[in-house]
Amino acid sequence: MRLFRAELTRFWTRRMTWIVLGVTALIMVFVVGISFTRTSSEAPPEGAVPWTVDEGCLEDFSSGEIQLETGSSGEFTDEDIELFCRTWTGDPDKRFWAVSMLGEKSWFQETESGFGPSEGRPAFDTWSDYIEFRESQPVETMTIDGVEYQGSQEPLLGFLSGPGVFYLILAVILGGSFVGAEFRAGTMENLLLWEPRRVRVILTKFAVGFVSSALMVALALGFLTGLLSLLASVNGTFQAVDGRFWRDLVLVILRVSVTAGLFSILAMSVATITRHTAAAIAAVLGWFAVSNILIELVAKWFRPFELFVNALAFFGKGEPFSYVPTGRGWDFTAFHHGYLVAGLYVLAWTLIPAAIATVVFAKRDLT
Amino acid sequence: MVWGVGVAVIEAVGLRKEFRNSVVAIDNLDFSIPSGGVYGFLGPNGSGKTTTIRCMLGLIKPSAGSVRLLGEDSSKSLRSVIHRVGALVETPKFFPTFGGRKNLRMFAQVAGLPNSEVDRVLEIVGLGERGGDSFGSYSLGMKQRLAIAATLLKDPEVIILDEPANGLDPAGIVEIRQLIRQLGESGKTIFVSSHQLGEVQQTCDHVMIISKGRLIQSGSVEELVALGQGDSQIITIDRPHEAADILNAQGYQATVIDAATVTVAVDGSKAQAINETLAANQLFLRGLRAQESSLESVFLELTEGEGSL
């Protein structure tokens, strides 16, 4: 426990920790600052239902000022036009900040024709309504060569979970440098003169890196939530925000933080094996850069098992899909596993290198 | 080789370390160091001194043999004795952006020591006022002092110092010498590896010399210095080359050192005969003295000038 406290003290008094935290806060202030300029205090009046139909839009349709091109879906019904006027008018940021934080991109119902959706969706008065709608949607299935495959849901692309890779990069930098700096400064050797049980030393470092990186990302996301709340209170509304929204928000922060902690362990493991911060960061981020290309070009089967795919699915509550060839020149994307199993894959991606790093650290000469 | 009487605090038995590139750093090294006193550990660069120290401290696993520190095998059960051992290995290693005091407090925290101990050892090494400055801003000498402070933090029974005077100015070297002597006299066992043979001669009670990973000599400083005494005479003369030729023709082993100096490899009993031989050839001495032995000369002789110090 004394070693844990000492390592914890070191983590939180490192210059790197506060530089990363400061830069992250500045980026968030910058991004939310831009959002301030893109929103306006002319928000819907108090009590207004979000996503109500823009009457002016409907009038423009009836007067023929706006016309829709007929696509493959045939004639547009009045319901389609009404939906168009709900989803494509106004600035949603002004109305419903909760949706911009956690909502999925399909809120806007983009289609290939560029206009209204092929399926109708109701307006949602509360976040719970939205979630219930999302969960009630029928699952697409397809039978290929006698096997029935279930379609896969895309993850939530919300404001907190969407840019998740950024938080993972933070964790990788923090974790990689936490251990890498020890080898650069030679202090690992010094530490072993005080606590020679190497396995205990490295496991303590992993634990401290995990807890601290997770906590730091949670702090960053909490700060971002605060900034967005400020934005919502000035240029938006809390109208549709209900208890479920806050619960889901906390769960997203928790999942992102845990994933960041695991990535921190991954980076620490690589740094332990390579004895270099830069190598650890380059290895993890390099994999991020090339993994998708490799999967698409040579190893499509590997997609559901890939680290970043599972990480994003875990904290975005999505489902890593696998490719199933249809024999018609395109692949069907089928459900492979849910977001909780995706979390277990991330855990495996972390624990295997951590185990290797522990053995290497325990056996290797410190020269 | 056992010095003195008492329980061995450091003991190497058949110690061997061969690295992956087949370099044998230590080859069948045996030694035993009893409790109390200051022990010097000498050897040319690359002779295996630091590798031996790393084996003692469990940082390197021996390829064969073992080292026992306070009775415990260093590669297996160091944990039970590590709190009784303070060590400085090669260069001082601390976090550069942390202050000296903060660096030491981290170690104190690991060992469960109060912060007052940190202040105490900083005062001992003269860093009390600079303890708040970042380690990266320290001079080499200050870094070395901080490393020595870290070794003292546990108030250890055994102190292992690898080149403790590196980077210190003359005043600092004297301070460290006095500190090591005080610690040795207080009953602690000090094991010092050093390049500064003069310092070792003044500081240590016993010396061990290794070369190419093997023990080549050990004993008290006086014993080692005595090994080199009385074996050479130094002649000061105007025509050294002629003198050397005459002496060599008479069966001596004479070597010209410079434009006025010749050494002759004989003991003092032959001084008169040398004088007479040269005078008979109209060569008259301006001076003749026995070559004084020092730990340095003994070291160079034993290691055959194998490497720089």
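Predicted model: local features only at pLDDT ≥ 70, side-chain atom pairs only at ≥ 80, totals over all residues.
1. Two residues are taken to be in contact when heavy atoms of theirs lie within 4.5 Å. Leaving aside neighbours within four places in sequence, S322(A) touches P304(A), F332(A), T333(A), A334(A) and H336(A). The residue belongs to strand β3 of chain A, which runs over residues 321–325. Is S322(A) buried or exposed? Its relative accessibility is 13%, and because the cut-off for buried is under 20%, S322(A) counts as buried.

2. Among the contacts in chain A that join residues at least 6 apart in sequence, 75% are between residues at least 24 apart.

3. One backbone feature of chain A deserves a remark. Most residues other than glycine have a negative phi. D145(A), although not a glycine, has a positive phi of about 50 degrees. This residue sits in the loop that links β1 (141–144) to β2 (147–150) of chain A. With a relative accessibility of 76%, D145(A) counts as exposed.

4. Chain B has 10 helices and 14 strands. Its C-alpha atoms fill a box of roughly 80 × 45 × 40 Å along the principal axes. Of the 309 residues in chain B, 51% count as buried. Residues 24 or more positions apart supply 67% of the contacts in chain B that have a separation of 6 or more.

5. Helix α5 of chain B spans residues 170–185, and thus has 16 residues. The distance from its first C-alpha to its last is 22 Å, close to the 22 Å expected at 1.5 Å a residue. Which residues of α5(B) are buried? They are G172(B), I173(B), I176(B), L179(B), I180(B), L183(B) and G184(B). These residues lie on the same side of α5(B) because they cover an arc of only 130 degrees around the axis.

6. On its other side, P170(B), Q182(B) and E185(B) are exposed. The cover over the buried residues includes the helices α3 (115–124), α4 (140–152) and α6 (197–203) of chain B. Strands β3 (37–42), β7 (158–162) and β8 (189–193) of chain B are also included in that cover. Just after α5(B), G187(B) adopts a positive phi of about 100 degrees.

7. G213(B) occupies the loop between β9 (206–211) and β10 (214–220) of chain B. Its relative accessible area is 0%, so G213(B) is buried. Neighbours within four places in sequence aside, G213(B) is in contact with A25(B), I26(B), D27(B), L29(B) and S47(B). The C-alpha atom of G213(B) is 12 Å from that of F41(B), and the two residues are 172 residues apart along the chain.

8. Q282(B) is placed in the loop between α9 (271–280) and β14 (287–290) of chain B. The residue is exposed, its relative accessible area being 54%.

9. The interface between the chains can be considered through its area and its makeup. The size of an interface is often given as the accessible area lost when the parts come together. Chain A and chain B bury about 2700 Å² between them, with 63% of this on carbon and sulfur atoms. The contact involves 29 residues from chain A and 30 residues from chain B.

10. How many salt bridges are found across the interface of chain A and chain B? The rule finds 3. In one salt bridge, E189(A) pairs with R54(B), and the closest N and O atoms are 2.6 Å apart. Between chain A and chain B, 13 residue pairs are in polar contact, with both residues at pLDDT 80 or more. On the side of chain A that touches chain B, the elements giving two or more residues are α1 (2–13), α8 (164–185), α9 (187–192) and α14 (339–363) of chain A. The largest share of that side, 7 residues, comes from α1(A).

Conventions. Residues numbered from 1 in each chain as written. Chains lettered and ligands numbered in written order. Heavy atoms only, no water. Helix = DSSP H or I, 4+ residues; strand = E, 2+ residues; numbered from the N terminus. Expected span 1.5 Å × (residues − 1). Buried < 20%, exposed > 50% of the residue type's maximum accessible area, 1.4 Å probe, protein only. Arc of directions from axis to C-beta. Buried area = accessible area lost by both parts, 1.4 Å probe. Salt bridge = Lys/Arg side-chain N within 4 Å of Asp/Glu carboxyl O. Polar contact = N/O pair within 3.5 Å; in protein donor to acceptor, adjacent residues only side chain to side chain.
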